[in-house]
Amino acid sequence: MGHLKKDNEFDVIIVGGGITGAGTARDCALRGLKVLLIERHDLATGATGRNHGLLHSGARYAVTDRESAEECIKENMILRKIARHCVEETEGLFITLPEDDLEYQAKFVESCLAAGIRADVIDPKEALLMEPSANPDLIGAVKVPDGAVDPFRLTSANVIDAKLHGATVLVYHEVESLIKDGDTIKGVKVFDHTTKQTKEYYAPITVNAGGIWGQHIAQLAGARINMFPAKGALLIFGHRVNNVVINRCRKPANADILVPGDTICLIGTTSSRVPFEEVDNMYVTADEVDLLLQEGEKLAPKLASTRILRAYAGVRPLVATDDDPSGRNISRGIVLLDHETRDGIKGFISITGGKLMTYRLMAEWATDLVCRKLNVDKACETMEIPLPGSEKENIDEISKKTWSKPGTPHKAVVGRHGNRAGQISMSSEYDASLVCECESASVGEVRYAIEELDVHNLVDLRRRTRVGMGTCQGELCACRAAGMLAEAHKCTETAKQDLQSFINERWKGMYPVCWGDTLRESEYSQWIYSGVCGLTGEGSTEKI
Amino acid sequence: MNMQERNISDNNFEQCIKCTVCTVYCPVVPVNPLYPGPKQAGPDGERLRLKKGLYFDDTLKYCLNCKRCEVACPSGVRIGDIIQSARIRFNTESPKLRDMVLANTDFMGSIATKVAPVVNMTLGMKPVKAIMDCTMKVDSHRTFPKYSQGTFERWYKKNVKNFQDSFPRHVSFFHGCFVNYNYPQLGKDLISVMNALGYGVHLLEKEKCCGVALISNGMIDKAKRNAGVNTESIRKSVYERQMPVIGTSSTCTFTLRDEYPHLLGVANHDVRDYIELATRFIYRLIDEGKVKLVFKKGYKARIAYHTPCHMEKLGWGIFSTELLRKIPGVELTTLDSNCCGIAGTYGFKKENYKVSQAIGKPLFDQIGKLKPDFVACDCETCKWQIEMSTGYQVKNPISILAEALDLISTSEANK
């Protein structure tokens, strides 16, 4: 849109910094729109960052939900091309155990093939060669094109590209209300949590990409979307037990997917309905931990003697179908709502439902609708253009091109930032020294994240760089990173508070699985932070 | 169900709680900034390597395999083993000619002992050293240990084998390459001492190089073969001939006991407890009142004892020092716990020379200040390093014992 606009005027405002919002912001920006993306916390804080990180082949949905399965396999192939540094092509196995019905396998394979998903029945022995950690008792195995995807990296890459194409991204900005003019939404009134100021932004279209919280945003517009929050709990193990995704070949049930993700692997999930009021406060119960372990061991017996780092839970944003007046039936696929035709509210659309896997398609649909409303005639290109960092080479090639003698920290940086690693300074001894030793994140990488990737605090930093995600859960790295944040933001007091809340946030995830070495480590952490560093928060009764 | 009671990690590297004390005790870290230290190279790096082999870091080659990190670790993590195993699994570079020459101690030894005077003279010549420095990257500062004329094994068979059966009790002796090819005198000393104590000394049915140099130079297949042969011979000695196995080299002994199962996957749990260092074996006999030692009158020596790294790992330094303290007239100082820097073949390599000497400096300085009559040590490569770097002579405690004992009276006392 060529004509000049004021600073607070945009073509489109997108509410929600999850993968859907980030993907929509990128798509809109690529089509030449002036975009504003607003997020009340940090990027990828909701369901986006709280799932398996599974690059679904779609096989899991093939039997029950053909449409989702077809979408998944198409997007799977696209993400392998456009998001190489966020994706790991691990392959996946669907294993049948003696207690499972082997007849389900035939039905499963047939459904996969019908949905366009490659599904090869392989000999159980071959499956064990492919993934030695899989349960050796398996009686059947099917190989499918599953993989792993890092949702934080994927969201961040979409945001980077949106910004490269002129988008404005405001994190820690919460929508207070929508600015209405009659039956038209003209913009948003937001509260800036950093400066504690209220601001107004205007655009002819506002896109609600709030995930589970989209119900609330729709309410602000005067529309009603019924969400069914479904909690899913997962366990993170201390290292990779498997290098191939292992699924149970049966009807989807609890804890039947084990995914290798970066340096760890995770088992999930459970599924339980939770009241809407609880979606901001998810915790994992002892029963859920037991269930995940018990079922997880059946996929890979080694899990029984592998250290568990933490437990966490996310909320699936399931949406009620519009054609069911009782509001009880759940819509499976992507839900795009044009509130003008649905509710008579102009300038407001909602994009919800769907999955991490189909975020790009969701963004495409939403952007197509935005463009139609704005009379912009430009085709979607996100299925072709690689995300920033994902341009071509593999980790080894990029490392060798960028540094003369790349070591583990250099390769780790490339692993996380792909081609953009070249922008990270690792030349001086200080820049190459490590902030996070478990995950090999350097001073240079942390500085880059603070300066370039909208990092406001330690938790944000963790999502961009994996600082604090390793075995020590912040024991050694959190204070170093807090020091760098204090320097960057020129405020020691804030950094200290931030450090405390970060340690507490790490503890929250360790608490449900705190035994064995994880208990020893947390005791040691406590000793360092409260005993040596004297970090005791006023008003905080929580054990750090 | 209480899952907590069952779900305990049996992955050794996951027992690391990141206290970093290993890195504090690593001798390489302070002198070589390229080395990431045992914590990062070991348990930290392991998680990345399990993700993908490409995260293997070439700088792991700077690890001395001294195992000081393991001695320091309060969580029982076998850090040195993790690092060496990673080198075994992921290192793609094949060993250079130099590494093969340095590592194949028994092959080189068996050739060199046949023409020892020529080899010793040649290796000692300055132009030869210069050529080896340039072409093979063996540092010219280094002096190769002299090869002996004829091996220990040959001497044994010719001179002492025939009367070993006449003693009331028996042990097998793992002599190692150093005794066999370079310094048979140490083996002779051991036989004198053990015979005086009433023990016949026997060779193993088959003995190969323990393989420590093969492991550190990446020749794992050969190391495994040697480990198999040695363990089988030891098993025969222990179970068929009822003879425990003793050695005079702390590193060989350590390798036979711990590196075989940990790094090479050669099981030895049934014989491990029967392999020990001669000093510990003798000390225990004295302690149990089974043997008596009679010393020469007037023996006097000021001795500084250096504890080799693998001796620290074995935890057996105390047996050697206490044994030496039993000698009247010995004034013994145990030197501070420091690595000498040589680490077997490591220090011979040109690229490691500076680091090697920097690591050893505190040890050399302390010896220089103490001005002992000589240094005592249970490791042959520490001996070369200390002799080259300080000018002081280094003797094995068994040789000192052989010198100080009144062998005839001791024999009488133990009849």
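Predicted model: local features only at pLDDT ≥ 70, side-chain atom pairs only at ≥ 80, totals over all residues.

On the α15(B) side the contact is made by B:T279, B:R280, B:I282 and B:Y283, and on the α17(B) side by B:F319, B:S320, B:E322 and B:L323. Sorted by class, the contact of α15(B) with α17(B) holds 4 nonpolar, 2 polar and 2 charged residues.

A further helix pair in chain B is formed by α13 (residues 220–239) and α14 (residues 250–264), which pack at an angle of about 130°. That angle makes α13(B) oblique to α14(B). The crossing of α13(B) and α14(B) is left-handed. From α13(B), the residues B:A223, B:K224, B:A227, B:N230 and B:T231 take part in the contact, and from α14(B), the residues B:L256, B:Y260 and B:L264. This contact of α13(B) with α14(B) divides into 5 nonpolar, 2 polar and 1 charged residues.

Chain A has a helix pair in α14 (residues 443–452) and α15 (residues 458–465). Their angle is about 115°, and α14(A) and α15(A) are therefore roughly perpendicular to each other. Here α14(A) passes α15(A) in a right-handed crossing. Residues A:E445, A:V446 and A:A449 of α14(A) meet A:L461, A:R464 and A:T465 of α15(A). By class, the contact of α14(A) with α15(A) has 3 nonpolar, 1 polar and 2 charged residues.

| Helix pair | Angle | Distance between axes |
|---|---|---|
| α13(B) and α14(B) | about 130° | 11 Å |
| α14(A) and α15(A) | about 115° | 10 Å |

Chain A also contains an open sheet of 3 strands in the order β3-β8-β4, with antiparallel pairing. Its edge strands are β3 (54–55) and β4 (87–88) of chain A, each of which pairs on one side only. Strand β8 of chain A covers residues 147–149 and is joined to β4(A) by 2 bridges. A:V87 has A:V149 in β8(A) as its bridge partner.

The domain assignment divides chain B into domain 1 (13–90) and domain 2 (301–407). The C-alpha centres of these two domains of chain B lie 26 Å apart. In their contact, 11 residues of domain 1 of chain B face 10 residues of domain 2 of chain B. The domain 1 side of this contact in chain B has 6 nonpolar, 2 polar and 3 charged residues.

Between the chains, the contact takes 34 residues from chain A and 27 residues from chain B. Four helices of chain A each supply at least two residues of the side that touches chain B: α8 (286–299), α11 (395–402), α12 (408–417) and α18 (516–532). The largest share of that side of chain A, 5 residues, comes from α18(A). By class, the side of chain A that touches chain B has 11 nonpolar, 11 polar and 12 charged residues.

Definitions and conventions:
Residues numbered from 1 in each chain as written. Chains lettered and ligands numbered in written order. Domains from an automatic or database assignment. Contact = placed C-beta atoms within 7 Å. Nonpolar A, V, L, I, M, F, W, Y, C, P; charged D, E, K, R; others polar. Pairing = 2+ DSSP bridges. Axes fitted to C-alpha atoms, helices over the stretch in contact; angles between N-to-C directions. Parallel < 35°, antiparallel > 145°, perpendicular 65-115°, else oblique. Left-handed = near helix turned anticlockwise from the far one by under 90°.
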